[in-house]
Amino acid sequence: MSAIDKYILLITQFVAGDVTEVQFETSYLRMFKSESMVLSEETYDVLNELFICVDAYCSDPHLRDEEDLDDLELLESAKEALKKLV
């Protein structure tokens, strides 16, 4: 599995509803932070943009402020990234 394939798989599982927002957040942050493969600039930009969105996600509506992303915004960000990656 190539470096990009594992991201596509995780994002696809999230978009399909096979993993929760919190599972996606945890897995994506861990995966991106520990990435050791060299990625093309275009791929890196897409994955980094999604990283920023995932990092801004807040699962608790009582703690969320105007700068945080909610569940739907995280899902839309993931869908956009997936379109760019496939």
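Trainee: How far may the model be trusted, and what is the mean pLDDT of the chain?

Mentor: The model is predicted, so local features need pLDDT of at least 70 and side-chain atom pairs count only at pLDDT 80 or more, while totals for chains, interfaces and linings use all residues. Residues are numbered from 1 along each chain as its sequence is written, and side-chain values use heavy atoms, with hydrogens and water left out. Here pLDDT is the predictor's confidence in each residue, from 0 to 100, and 100% of the residues score at least 70. The chain average is a pLDDT of 95.

Trainee: Which helix has the highest confidence?

Mentor: Where pLDDT is low, predicted coordinates should not be read in detail. Confidence is lowest in helix α1 (residues 3–15), with a mean of 96. The highest value, 98, belongs to helix α4 (residues 71–85).

Trainee: What is the order of the secondary structure elements from the N terminus on?

Mentor: Elements are DSSP runs numbered from the N terminus, with helices (H or I) of at least four residues and strands (E) of at least two. The chain has four helices and zero strands. The order is therefore α-α-α-α.

Trainee: What radius of gyration does the chain have, and how does it stand against the globule rule?

Mentor: The radius of gyration is taken over C-alpha atoms, and the globule rule is 2.2 Å times the number of residues to the power 0.38. For 86 residues that rule gives 12 Å, and the chain is close to this, so it is as compact as a globular protein of that length. The C-alpha atoms fill a box of roughly 40 × 25 × 20 Å along the principal axes. The radius of gyration is 12 Å.

Trainee: What share of the contacts with a separation of 6 or more joins residues 24 or more positions apart?

Mentor: A contact means heavy atoms within 4.5 Å. Among contacts in the chain with a separation of 6 or more, the share from residues 24 or more positions apart is 57%.

Trainee: What does the UniProt record annotate on residues 4–85?

Mentor: UniProt positions are given in the numbering used here, feature names are shortened, and annotations may be inferred rather than shown by experiment. In the model, the span is 68% helix and 0% strand, and its end C-alpha atoms lie 8 Å apart. The unreviewed entry labels residues 4–85 "domain: Colicin D immunity protein".

Trainee: Is C58 buried or exposed?

Mentor: Buried means under 20% relative accessible area, exposed over 50%, and partly exposed in between (1.4 Å probe, protein chains only). C53 has 18% relative accessibility and counts as buried. At 14%, C58 is likewise buried.

Trainee: How are the rings of Y28 and F32 arranged?

Mentor: Rings of Phe, Tyr and Trp (its six-membered ring) pair if their centres lie within 6.5 Å; planes under 30 degrees apart count as stacked, over 60 as edge-to-face and the rest as tilted. By this rule there are six aromatic pairs. The ring centres of Y28 and F32 are 6.1 Å apart and their planes lie at 10°. The pair is therefore stacked.

Trainee: Which residues does F32 touch, apart from those up to four places away in sequence?

Mentor: F32 lies in helix α2 and is buried at 12% relative accessibility. F32 also belongs to one aromatic cluster with Y7, F14, F24, Y28, Y44 and F51. Its contacts are Y7, Y44, L47, N48 and F51.

Trainee: In helix α3, is E41 buried or exposed?

Mentor: T43 also lies in helix α3 (residues 41–56); at 14% relative accessibility T43 counts as buried, and T43 touches I4 and L85, leaving aside residues up to four places away in sequence. E41, by contrast, has 64% relative accessibility and is exposed.
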